[in-house]
Amino acid sequence: MRWNRRAWLRGISGSILAIASRDMYAHVGIGPVNPPLAIPDTLVIDDGGQKRRLVKVLSGGVSAVQTMFTGCSSVCPLQGALFSAVQEAIPRLRSRYPVRLLSVSIDPLADTPDALRSWLKRYDAGPAWHAVTPRIGDVEAIRTALAGRAPSPDLDRHATQVYFFDKAARLCWRSTTLPPSEEVLRVLEHLAKA
């Protein structure tokens with residue numbers, strides 16, 4: 001059997017998704033978070049170098065949030081590609097509230113504002129997509145709040161779910177592992193119309 005480049009890439013992608021789908025990336029639940037949960041109101045530094053409260057970053061619109069770190073070479077590039085695909089479709093969503101994407105770094109030692117900007121640029125991030133880095137002492141609290149349980153201390157074993165926040169900055173939905181862009185868009189549109 002002769003392999004062409006497209007078949008080889010499909011095979012590699014399938015292998016990566018299979019690895020990413022293992023339990024080590026799964027969290028407590030998939031679907032609605034009932035009742036919606038508040039996220040720790042920690043200070044973060046955004047990709048513009050500004051100190052902001054995380055709750056303020058998430059307030060006033062609906063947000064899809066992913067955890068990542070710029071030095072990741074396993075699943076983070078897939079997550080970047082996912083948000084890149086989602087941002088292209090955001091203008092077509094029917095919404096009453098602004099729709100945003102937020103990448104939250106879990107490596108504050110390495111992820112400076114410059115590193116975050118470079119990472120966003122790599123995926124052609126537009127005005128609806130930003131990145132933030134929390135303080136070292138706040139990373140575990142944020143990851144635990146998102147996951148619903150204590151996360152693995154190994155950064156390479158971080159979650160690949162997308163977390164959805166309503167206009168009041170409350171966590172109200174957890175996606176499947178590495179969800180398709182259509183799933184992310186459906187949840188965003190539902191929350192943006194509520």
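User: Where does aspartate 47 sit?
Analyst: In this predicted model, aspartate 47 is in the loop that runs between strand E2 (43-46) and strand E3 (51-53).

User: Is aspartate 47 buried or exposed, and which side chain of opposite charge is nearest?
Analyst: Aspartate 47 is buried.

User: OK, what does the side chain of aspartate 47 reach at 2.9 Å?
Analyst: That's the backbone nitrogen of alanine 131. There's also a polar contact of 3.3 Å between the side chains of aspartate 47 and histidine 130.

User: And which residues does aspartate 47 touch?
Analyst: Leaving out residues up to four places away in sequence, aspartate 47 touches Pro113, Leu116, Arg117, Leu120, His130 and Ala131.

User: Switching topic: how many residues are in the largest nonpolar core?
Analyst: That core has 31 residues. Ala64, Val86, Leu101, Phe164, Val184 and Leu188 have the most contacts inside it.

User: Which helices and strands each supply at least two residues of this core?
Analyst: The helices are H3 (76-89), H4 (113-122) and H6 (181-193), and the strands are E4 (62-68), E5 (99-105) and E6 (129-134). The largest share, six residues, comes from H6.

User: What about leucine 188, what does that one touch?
Analyst: Setting aside residues up to four places away in sequence, leucine 188 touches Val62, Ser63, Ala64, Val86, Leu93, Val99, Leu101 and Phe164. Apart from this core lies another, with 18 residues, including Val44, Val57, Leu58 and Tyr163.

User: Why does cysteine 72 count as buried?
Analyst: Because its relative accessibility is 5%, and the cut-off for buried is under 20%. Cysteine 172 is buried too, with a relative accessible area of 11%.

User: Last one, arginine 149. Where is that?
Analyst: Arginine 149 is in the loop between helix H5 (139-147) and strand E7 (163-165).

User: Why is arginine 149 called partly exposed?
Analyst: Because its relative accessibility is 38%, which falls between the cut-offs, under 20% for buried and over 50% for exposed.

User: How far apart are arginine 149 and glycine 29?
Analyst: In sequence they are 120 residues apart, while in space the C-alpha to C-alpha distance is 10.0 Å.

Conventions: Residues numbered from 1 in each chain as written. Predicted model: local features only at pLDDT ≥ 70, side-chain atom pairs only at ≥ 80, totals over all residues. Heavy atoms only, no water. Helix = DSSP H or I, 4+ residues; strand = E, 2+ residues; numbered from the N terminus. Buried < 20%, exposed > 50% of the residue type's maximum accessible area, 1.4 Å probe, protein only. Core = buried A, V, L, I, M, F, W, Y, C linked by side-chain atoms within 4.5 Å. Contact = heavy atoms within 4.5 Å. Lys, Arg positive; Asp, Glu negative; His and termini not counted. Salt bridge = Lys/Arg side-chain N within 4 Å of Asp/Glu carboxyl O. Polar contact = N/O pair within 3.5 Å; in protein donor to acceptor, adjacent residues only side chain to side chain.
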